[in-house]
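Here is a short briefing on one protein model. Keep the sequence and the 3D view open while you read.

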Amino acid sequence: MSKLKFKLNRKGVGELLKSSAMEAVLMEKATAAQSRLMPGYEVSSMVGKTRVNASIYADSYKAKLDNQKNNSILKALR
(Lines give C-alpha, C1' and ligand atoms only; values in the text may rest on other atoms or scores of the structure.)
Protein backbone atom coordinates (compact mmCIF):
# COMPACT_ATOMS: atom_id res chain seq x y z
CA MET A 1 0.00 0.00 0.00
CA SER A 2 1.21 3.45 -0.80
CA LYS A 3 1.26 6.19 1.78
CA LEU A 4 -0.74 8.80 -0.03
CA LYS A 5 -1.13 12.13 1.73
CA PHE A 6 -3.89 14.50 0.84
CA LYS A 7 -3.89 18.14 1.85
CA LEU A 8 -7.09 20.09 1.32
CA ASN A 9 -6.75 23.59 -0.08
CA ARG A 10 -9.17 25.32 2.29
CA LYS A 11 -8.97 28.68 0.54
CA GLY A 12 -9.77 27.05 -2.80
CA VAL A 13 -12.75 25.16 -1.35
CA GLY A 14 -14.02 28.41 0.16
CA GLU A 15 -13.76 30.16 -3.19
CA LEU A 16 -15.58 27.26 -4.87
CA LEU A 17 -18.45 27.40 -2.35
CA LYS A 18 -18.89 31.13 -3.03
CA SER A 19 -18.46 30.97 -6.82
CA SER A 20 -21.02 31.86 -9.44
CA ALA A 21 -20.75 28.31 -10.81
CA MET A 22 -21.95 26.94 -7.47
CA GLU A 23 -24.77 29.50 -7.45
CA ALA A 24 -25.83 28.32 -10.91
CA VAL A 25 -25.92 24.68 -9.76
CA LEU A 26 -27.99 25.55 -6.68
CA MET A 27 -30.40 27.72 -8.67
CA GLU A 28 -30.85 24.89 -11.17
CA LYS A 29 -31.78 22.47 -8.37
CA ALA A 30 -34.08 25.02 -6.69
CA THR A 31 -35.81 25.87 -9.97
CA ALA A 32 -36.36 22.17 -10.68
CA ALA A 33 -38.00 21.78 -7.26
CA GLN A 34 -40.07 24.93 -7.86
CA SER A 35 -41.41 23.47 -11.09
CA ARG A 36 -42.90 20.59 -9.06
CA LEU A 37 -44.85 23.09 -6.92
CA MET A 38 -48.01 25.05 -7.61
CA PRO A 39 -47.77 28.73 -8.62
CA GLY A 40 -47.00 31.08 -5.73
CA TYR A 41 -43.57 29.73 -4.76
CA GLU A 42 -40.45 31.76 -5.46
CA VAL A 43 -36.72 30.97 -5.63
CA SER A 44 -33.91 33.22 -4.44
CA SER A 45 -30.19 32.98 -3.80
CA MET A 46 -27.58 34.91 -1.88
CA VAL A 47 -23.88 34.71 -1.16
CA GLY A 48 -23.39 34.27 2.56
CA LYS A 49 -20.29 34.50 4.70
CA THR A 50 -19.00 31.03 3.82
CA ARG A 51 -21.12 29.77 0.89
CA VAL A 52 -23.88 30.42 -1.60
CA ASN A 53 -27.43 29.71 -0.41
CA ALA A 54 -30.54 29.08 -2.49
CA SER A 55 -34.03 29.02 -1.04
CA ILE A 56 -37.58 28.28 -2.08
CA TYR A 57 -40.34 30.11 -0.25
CA ALA A 58 -44.10 30.51 -0.43
CA ASP A 59 -44.85 34.01 -1.69
CA SER A 60 -48.65 33.93 -1.98
CA TYR A 61 -51.25 33.29 0.71
CA LYS A 62 -52.51 30.18 -1.10
CA ALA A 63 -48.98 28.76 -1.36
CA LYS A 64 -48.35 29.44 2.33
CA LEU A 65 -51.46 27.49 3.27
CA ASP A 66 -50.49 24.68 0.91
CA ASN A 67 -47.02 24.44 2.41
CA GLN A 68 -48.36 24.56 5.96
CA LYS A 69 -50.85 21.73 5.33
CA ASN A 70 -48.79 19.51 3.03
CA ASN A 71 -45.16 20.49 3.65
CA SER A 72 -44.93 20.91 -0.12
CA ILE A 73 -41.46 22.50 -0.31
CA LEU A 74 -39.83 19.61 1.51
CA LYS A 75 -41.65 17.08 -0.65
CA ALA A 76 -40.60 18.88 -3.83
CA LEU A 77 -36.94 18.63 -2.77
CA ARG A 78 -37.02 14.83 -2.51
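A residue counts as buried under 20% relative accessible area and as exposed over 50%, with partly exposed in between. The model is predicted.

**Lys-11**
- Lys-11 sits in helix α1, which spans residues 10-17.
- Its relative accessible area is 63%, so Lys-11 is exposed.
- Lys-11 and Tyr-61 lie 50 residues apart in sequence. In space, their C-alpha atoms are 43 Å apart.

**Ser-72**
- Ser-72 belongs to helix α4.
- Ser-72 is buried, because its relative accessible area is 10%.
- Leaving out residues up to four places away in sequence, Ser-72 touches Leu-37, Tyr-41, Asp-66 and Asn-67.

**Strand pair**
- Strands β1 (residues 41-47) and β2 (residues 52-58) pair antiparallel, over seven bridges.
- Four residues separate β1 from β2 in a hairpin.
- Val-47 has Val-52 of β2 as its bridge partner.

**Nonpolar core**
- The largest nonpolar core holds 10 residues. They are Ala-30, Ala-33, Leu-37, Tyr-41, Val-43, Ile-56, Ala-58, Ala-63, Ile-73 and Ala-76.
- At least two residues of this core come from each of α2 (20-35), β1, β2 and α4 (72-76).
- Ala-58, one of the core residues, touches Gly-40, Tyr-41, Ala-63, Lys-64 and Ile-73, again leaving out residues up to four places away in sequence.

Methods. Residues are numbered from 1 along each chain as its sequence is written. This is a predicted model: local features need pLDDT of at least 70, side-chain atom pairs count only at pLDDT 80 or more; totals for chains, interfaces and linings use all residues. Side-chain values use heavy atoms; hydrogens and water are left out. Two strands pair if DSSP finds at least two bridges between them. A nonpolar core is a set of buried Ala, Val, Leu, Ile, Met, Phe, Trp, Tyr and Cys residues joined through side-chain atoms within 4.5 Å. Buried means under 20% relative accessible area, exposed over 50%, partly exposed in between (1.4 Å probe, protein chains only). Contact means heavy atoms within 4.5 Å.
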